[in-house]
Amino acid sequence: GYSYGTWLGSWYAKLFPQQTGRMLLDGNVSWNTTMEHAFGLQPAAFERDFRDALAPYLARQNATFGLGGTGAEVYAAQNRLAEPLRSVMGNIIAQFLYQRDAYHFAGELLKTTVVLDALIKAHPDATSDELMSLAAQATYFDDPDMNARAAQNAQFLLMSRESELNLAPFPVELDASSSTFTAITCNDTPWTSTLEQARAKG
């Protein structure tokens, strides 16, 4: 298992050693602490994985992505993004870190975001529609197919940026996966805060 599966598998092996054979744990979650504490460590883990694994890979593909010839330069390219694009791209990168075969697409999206960021900074007073038009005409890659994908992804990224800039309350709807995730992380181990305390922070 990976992620939560490592926590569950480790506890199962501890409780039922006679029922446990060989086990592979990948991307371990600490089974010696609470879910609250373990998931609080995730941002640092994602950043480390980006810095030590994805960024060096993209640097080796600099001829394709143009994000920098070293991992440090790729890392800096992400950190130079203005908010909320930086957060939007950070959340996307975190999802790609689960799949090594998605690294190429992560590079395409990061390069697209870097171009968009420069475009937005060059046109600070542009409306959302104007930015959409500028993004559709921008050049992201020399390869025609990659450039066409980037132009489409740019529209999605701009819509995500717009949503972040105009956040409004909305009803929460959880699908089966999200419901299961929430139920597990909130109930498998004790939390240090109550619902009232969490609401007060929000």
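Axes are lines fitted to C-alpha atoms, for helices over the stretch in contact, and angles run from 0 to 180 degrees between N-to-C directions. The model is predicted, with local features requiring pLDDT of at least 70 and side-chain atom pairs pLDDT 80 or more, while totals for chains, interfaces and linings use all residues. Residues are numbered from 1 along each chain as its sequence is written, and side-chain values use heavy atoms, without hydrogens and water.

**View A. Packing of α6 and α7.** The two helices (DSSP runs of H or I, at least four residues, numbered from the N terminus) pack at about 175 degrees, and their axes are 10 Å apart. That makes α6 roughly antiparallel to α7 (angles over 145 degrees). Contacts (heavy atoms within 4.5 Å) join Leu85, Met89, Ile92 and Phe96 of α6 to residues of α7 including Tyr103, Leu110 and Ile120.

**View B. The largest nonpolar core.** Such a core is a set of buried Ala, Val, Leu, Ile, Met, Phe, Trp, Tyr and Cys residues joined through side-chain atoms within 4.5 Å, where buried means under 20% relative accessible area with a 1.4 Å probe, protein chains only. Among its 37 residues, Phe50, Leu54, Val74, Leu110, Leu116 and Tyr140 touch the most other members. The largest share, eight residues, comes from α7.

**View C. Surroundings of Phe50.** Leaving out residues up to four places away in sequence, Phe50 touches Ala55, Pro56, Val74, Tyr75, Gln78, Ile93, Leu97 and Leu110.

**View D. The N-terminal end of α10.** Asp175 caps this end, with a side-chain oxygen 3.2 Å from the backbone nitrogen of Ser177.

Definitions and conventions: Polar contact = N/O pair within 3.5 Å; in protein donor to acceptor, adjacent residues only side chain to side chain. Buried < 20%, exposed > 50% of the residue type's maximum accessible area, 1.4 Å probe, protein only. Parallel < 35°, antiparallel > 145°, perpendicular 65-115°, else oblique.
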